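Good morning, everyone, and thank you for making time.

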Amino acid sequence: MSDTEEKTKPRRRRGRKKPDRRRKPPCLPQKVVKIRNEDKHKGNWYESWDKPKNRKIGNFTHPYRMILSAGTGVGKTLTAQNILLQAQATDRPFKEVYICTCSLGTEEWNNIEPTGIMTVIPDFEMFDRTKKSLLIFDDRELLNLSRDEQNKLSTIFRFASTHRNLSVMLLFQCWFDIPPIARKCSNVFIFWKPRSSRELTLISNNVGLEPEVIHELFEENLTSPYDSLCVDLTVGSPWPMRKNIFAPILNENGECKLPSLIYHRKKKERARDKKLREEGDEDD
């Protein structure tokens, strides 16, 4: 660097820094603060397993998003009607029940006297948040939907259920054809053993269980073609795994908990060690 460049280089001023007179933001709390969401809690219609008390095992907490998946003739509709009757027998029943199906002439739901039957996916604005409501999709075609219908279905599962006092049931015959938004937003899954082991593996991934655990449950606990597995992922559910909704599935400690792959492997190892010990005793 030449002498000329050194002379033209600005010198750094020395001395005290000027105080920063800009307004500083207020100090934020160092812990999470619970802020009440009035849009969700208006009317106090949110339910939990502790509120109201003495809740029966078949009375799922409202609002829920539930998927029932099975082939024909195993009892999907009958199971859905039984779940509805469990809620209607309480002091907080559904005020409105809507059926979205493929035909207006269906008589399958006449025994529950629905508020309305429709063939089009409804707009979420039709549901009154002051009334506890239930919307049931019964084998409604959801694959080749228009863009407007896709938006309506997505809004029902993402927004309307938690902001419009609305529970949703989706009855479908094939897990592969269930829209992804429904699988991602649902918290209760009821399914029967499918014909394809690949489909059962996909179900296990969507409900948060290992495939080995699901396959073992259907081999040992759910042996009848009419047996269903209920996985309730609702926060605080005392019965996250059930057989045919009303029978909790217990582990070796007598607890109803979602099994992990570690527990499954340890169980397999204990069974293998026991078999080896028995074979050793026979040889002696």
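This is a predicted model: local features need pLDDT of at least 70, side-chain atom pairs count only at pLDDT 80 or more; totals for chains, interfaces and linings use all residues.

Residues are numbered from 1 along each chain as its sequence is written, and side-chain values use heavy atoms, with hydrogens and water left out.

Let me start with strand β6, residues 188–192, where strands (E, at least two residues) and helices (H or I, at least four) are DSSP runs numbered from the N terminus. 5 of the 5 residues of β6 are buried, so the strand is largely enclosed by the rest of the structure; buried means under 20% relative accessible area with a 1.4 Å probe, protein chains only. In a regular strand the side chains alternate between the two faces of the sheet. In β6 both faces are covered, with Val188, Ile190 and Trp192 on one side and Phe189 and Phe191 on the other.

As for its neighbours, β6 runs parallel to strand β1 (residues 65–69), joined by 4 bridges, and pairs with strand β7 (residues 228–232) in the antiparallel sense over 5 bridges, pairing requiring at least two DSSP bridges. Phe189 is the bridge partner of Ile67, and Asp232 in β7 is that of Val188.

Turning to the helices, Ser197, Leu200, Thr201, Ser204 and Asn205 in α6 meet Pro211, Ile214, His215 and Phe218 in α7, contact meaning heavy atoms within 4.5 Å.

Terms used. Buried means under 20% relative accessible area, exposed over 50%, partly exposed in between (1.4 Å probe, protein chains only).
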